[in-house]
Amino acid sequence: MSAACLDIRNLSAVLANGQRVLRSVSLAVQPGEVRALVGESGAGKTMIGKAVLGVLPSSVHIVEGEMLLEGEDLGRLQPKARRTLIGARTALIPQDPLTALNPSRRIGPQMTDRLVRILGWSGQRADARIRQLLDEVQIRDPDRVLRSYPHELSGGMRQRVLIAAAFAAEPRLIVADEPTTALDVTVQKQILRLIAQLQREHGTAILFVTHDLGVVAKISQKVSVLYAGKVVEEADTAALFAAPQHAYTRALIAATPRYTDPLASLKPVDEAVLAGLAAEIAAAEQAWRPPHG
Amino acid sequence: MAKPLISVRGLKVALPDMTRKPLIGRAPLAEILKGLDFDLPRGSVTGIVGESGSGKSTLGRALVRLLEPSAGSITFDGCDITHLPEAELRPLRRNLQMIFQDPMSSLNPRRTIASIIAAPLKQNGLGDRLKERVAEALQRVGLPQSFASRYRHELSGGQRQRVGIARALALSPRFVLADEIVSGLDVSTQAQILTLLEKLAAEMGLTVAFISHDLSVIRRLCQQVIVMREGRIVEASATNALFENPQQAYTRDLIAAIPLPEIDADWLQPAARSTA
């Protein structure tokens, strides 16, 4: 049996017109590890997160491959059993806390709901747990926050609330989908620090979706670089920045702005690199045979 | 040294605070900009940086007189434009152009790219040789001529932003306001757009106010930087000086919070110094 917390093997997904949006993606997240999925828009990084959580849009169909959550093959479970397993062992930290929260309900019941309704906890136990987590995300006035409506909190506070909610049920795996993209840079740093601290203390594995190589360098131990639904490079994060192997990874690093080295950064991606990628994708498509004809 | 193109003295802007608007009657005014003094030197790119709510976009809108200041003055090339009525602003408008953050919402979906770029030319009495001028504008931003007949939805994000730049520069303005023009773009596209803007600003001798939340981008592009917080200027200086020797704790915090694409195990450790 696999020791990985999440093991994705050879996962392909297509749109109704047959176009592949995930191209034989394989990646694993070990227990307690942060794996970053990095890529530009359209790379499929959010799609992978959604596939794991079982919330792919209805226009996307998985046509091959396996997803194992702590050794259990999600594809072999009945829908209800699959939802229960995903609900108990995973959680999401979304990009935009304002759309993830119900605007017409107070924070408190929204946070305890999941624990009570999905995990069957008592209201009292859920409330105590939520307060404990709010303390862990350094919210010093939990009573006020729990009584508030989402619009009464700042962006950073809302994201703290969602981080607390994600960790509350002790999931084994958290999918964090661009959790700091909408935040100011100083708030982003506080939030990344909190996620890293809770992740360490709770031993939670995280699949961290981001477009920002700076965030990748700071938060993750492992990284998969995606382009057009294909993993073009996978490495230890330290190794990736020390010696990126794929030309696209090198180009992405060179394109990322660095105030310490303004002239060597912000380099436009070379046309030759993009042409090479297109050829690589085309070759992969040629070699690929959709299962079931 | 030549006189600055734009001089701002004691600038205040107050806007209606809709969150405190009574059911009946006017919303009370909230002061967004609380007295700013600075100059924009001719032919240089000035970065305006700050977090959300710092007033950087409001400042931008006041500079191109989309907003009327409530106090202080804005002088454009020796002419006081602070309270100039719209009719008198019109002849100046061709020299006060703007590139927007989101080209998807600032380009008309029903018009072709050619007609979008032509609109300001016609408005400003440059309706002759229209085709030629549009072709020139497209070429300037590195778009093929075939794009003239396309619509915005047929373009990628980077191409759309090139159209936004082409439209703003079609009139060869003296001043261009660029408000977060790369924040919606992927890094590879962002690099292309910034390189383009850098080149055009130098070639055309533009004076640019470049609003951004990203100090790394500002360091690359701008000759001087204004750091804003809560409607005030925290620090303003030449770019290199600001990065090498930031004077204010807030500026140092802003710089330290940028996650560089480099391994740094200490970066996530709680800082000894608290945020100012």
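The model is predicted: local features need pLDDT of at least 70, side-chain atom pairs count only at pLDDT 80 or more, and totals for chains, interfaces and linings use all residues. Residues are numbered from 1 along each chain as its sequence is written, with chains lettered from A and ligands numbered from 1 in the order in which they are written.

**Chain A overall**
- Chain A has twelve helices and ten strands (DSSP runs, H or I of at least four residues for helices, E of at least two for strands, numbered from the N terminus).
- Its radius of gyration is 20 Å, close to the 19 Å of the globule rule for 293 residues, so chain A is as compact as a globular protein of that length (taken over C-alpha atoms; the rule is 2.2 Å times the number of residues to the power 0.38).

**Helices 4 and 7 of chain A**
- The axes of helix 4 (residues 107-118) and helix 7 (residues 155-168) of chain A come within 9 Å and cross at roughly 20° (lines fitted to C-alpha atoms over the stretch in contact, with angles from 0 to 180 degrees between N-to-C directions).
- That makes the two helices of chain A roughly parallel (angles under 35 degrees).
- I107(A), M111(A), R114(A) and L115(A) of helix 4 meet V161(A), A165(A) and A168(A) of helix 7 (C-beta atoms, placed from the backbone, within 7 Å).

**Chain B**
- An unreviewed UniProt entry annotates residues 13-255 of chain B as "domain: ABC transporter"; such annotations may be inferred rather than shown by experiment.
- The end C-alpha atoms of residues 13-255 of chain B lie 28 Å apart, and the span is 38% helix and 23% strand.

Terms used
Parallel < 35°, antiparallel > 145°, perpendicular 65-115°, else oblique. Contact = placed C-beta atoms within 7 Å.
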